[in-house]
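Reader: Hi! I have a model open and would like to talk through some side-chain packing with you. Shall we start?

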Amino acid sequence: MPENTDQTDFLLSSYQYDLPEDRIAQEPPAVRGNSRLMVVQRSGELAPRHRQFRDLPDELPEGALLVANNSRVLPARLHGLRHTGGKVEFLLLSPLPAVLARVEDAGSGLHRAPAEGLLRSGGHPSAGEWMSFGADIRLRLVEAHEFGRWDVELEWRGDLAACFEAAGSIPLPPYIRRTPGAGDRERYQTIYAREEKTGSVAAPTAGLHFTPELRAQLDRRGYGWKEITLYVGYGTFSPVRCNDIREHSMHGELIDVPEETVEAIARAKAEGRPVIAVGTTSARALEGAYAAAGGLAPFHGVTSIFLYPGRPVHVIDGLITNFHLPGSTLIMLVAALMGRERILEAYRQAVRENYRFFSYGDAMFVRP
């Protein structure tokens with residue numbers, strides 16, 4: 001279990017670590033699944049084992065149930081033109097299902113809905129301005145907010161997801177300092193992402209290591225697999241700006257924890273089998289649903305749960321995850337599971353052992 005919390009656990013400065021720039025993975029491994037895996041115990045002696053991700057079935061506890069996020073990344077970054085002819089870039093922040101839930105008929109075969117996004121543009125765009133992104137999609141600026149965020153009114157013809165697929169690009173995280181390539185459309189998606197769950201603007205990256213062969217091996221060895229949906233927002237990369245992390249306002253995320261997943265978790269708990277979240281997004285969905293429902297129950301709605309040391313973890317027993325940014329809410333989530341000093345020491349060892357960090361990097365398994 002995590003160490004006893006003290007005031008140090010609530011300081012943003014307590015979640016920093018030194019990371020050489022060259023440890024930040026700019027490309028995925030040449031072959032999906034050819035990643036390293038650091039295995040650490042959630043409690044007890046901290047003596048990491050250094051494995052390959054393909055070794056995961058040998059490290060999972062007997063009868064473990066894995067729960068993964070099946071959301072699919074939308075090519076949510078659009079490049080277009082202002083009415084002045086100047087170039088503009090727009091990144092959709094609203095989950096696609098949330099946009100589609102508010103669609104209105106705009107006439108002449110057009111659809112319209114409010115949304116939120118990040119805008120980058122030369123000059124000084126103002127409310128009321130229209131911007132076009134190809135033949136079938138445009139937007140009108142409504143209200144500006146901090147850090148380049150805008151409320152907008154989207155207007156499109158046909159299927160909105162298809163419009164983004166045709167005109168958009170994969171929104172790689174800001175620490176990947178290159179333009180997206182053709183290969184990112186396939187490699188920045190998990191193999192189990194569902195077409196009908198399209199709408200995330202960032203990948204559930206712990207799932208990027210799984211291959212069809214590994215999934216088949218897990219099945220043969222009797223490990224359970226269930227899915228949830230969390231539409232990952234760009235807020236997952238938003239920095240914590242408060243010295244006291246308890247003052248941080250977490251972004252809301254749309255989640256769906258279905259009945260069959262809840263039933264499988266309940267059976268695993270009753271039988272003493274551990275529940276392993278595949279990624280921090282799965283962890284947030286399960287713990288967010290638990291908090292919203294007051295217990296283990298199906299849930300569809302928005303969660304803004306923020307987990308850090310001192311906040312109880314009710315559903316998950318272990319976690320498969322990547323290595324996260326210093327001072328991020330994601331490293332704080334892992335610290336809630338295994339303790340701040342333990343996770344920081346594991347990260348220091350990962351740096352010494354030349355692990356690759358962040359979205360396209362290597363993985364860690366916090367073993368119960």
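This is a predicted model: local features need pLDDT of at least 70, side-chain atom pairs count only at pLDDT 80 or more; totals for chains, interfaces and linings use all residues.

Reader: Good to know. Is Ser71 buried or exposed?

Author: Ser71 counts as buried, at 1% relative accessibility. The cut-offs are under 20% relative accessible area for buried, over 50% for exposed and partly exposed in between, with a 1.4 Å probe and protein chains only.

Reader: And which side chain does Ser71 join in a polar contact?

Author: That of Ser200, at 2.9 Å. A polar contact is a pair of N or O atoms within 3.5 Å; within protein, one must be able to donate a hydrogen and the other to accept it, and residues adjacent in sequence count only if both atoms are side-chain atoms.

Reader: Switching to rings: how many aromatic pairs are there?

Author: The count is 16 aromatic pairs. Rings of Phe, Tyr and Trp (its six-membered ring) pair if their centres lie within 6.5 Å; planes under 30 degrees apart are stacked, over 60 edge-to-face and the rest tilted. One of the pairs is Phe53 with Phe210, edge-to-face at 5.2 Å centre to centre and 80° between the planes.

Reader: Where do Phe53 and Phe210 lie?

Author: Phe53 is in the loop between β2 (49-52) and α1 (56-59), and Phe210 in the loop between β13 (198-200) and α5 (212-220), so the pair ties together parts 157 residues apart in sequence. Helices (H or I, at least four residues) and strands (E, at least two) are DSSP runs, numbered from the N terminus. Both Phe53 and Phe210 are buried.

Reader: Nice. What lies over the face of Trp225?

Author: Arg215, at 3.8 Å from the ring centre. Likewise, the charged end of Arg36 sits over the ring of Tyr355, 3.9 Å from its centre. The rule is NZ of Lys or CZ of Arg within 6 Å of the ring centre and within 35 degrees of the ring normal.

Reader: Which aromatic cluster is Tyr355 part of?

Author: Tyr355 forms one with Tyr17, Tyr175, Phe323, Tyr347, Phe357 and Phe358.

Conventions:
Residues are numbered from 1 along each chain as its sequence is written. Side-chain values use heavy atoms; hydrogens and water are left out.
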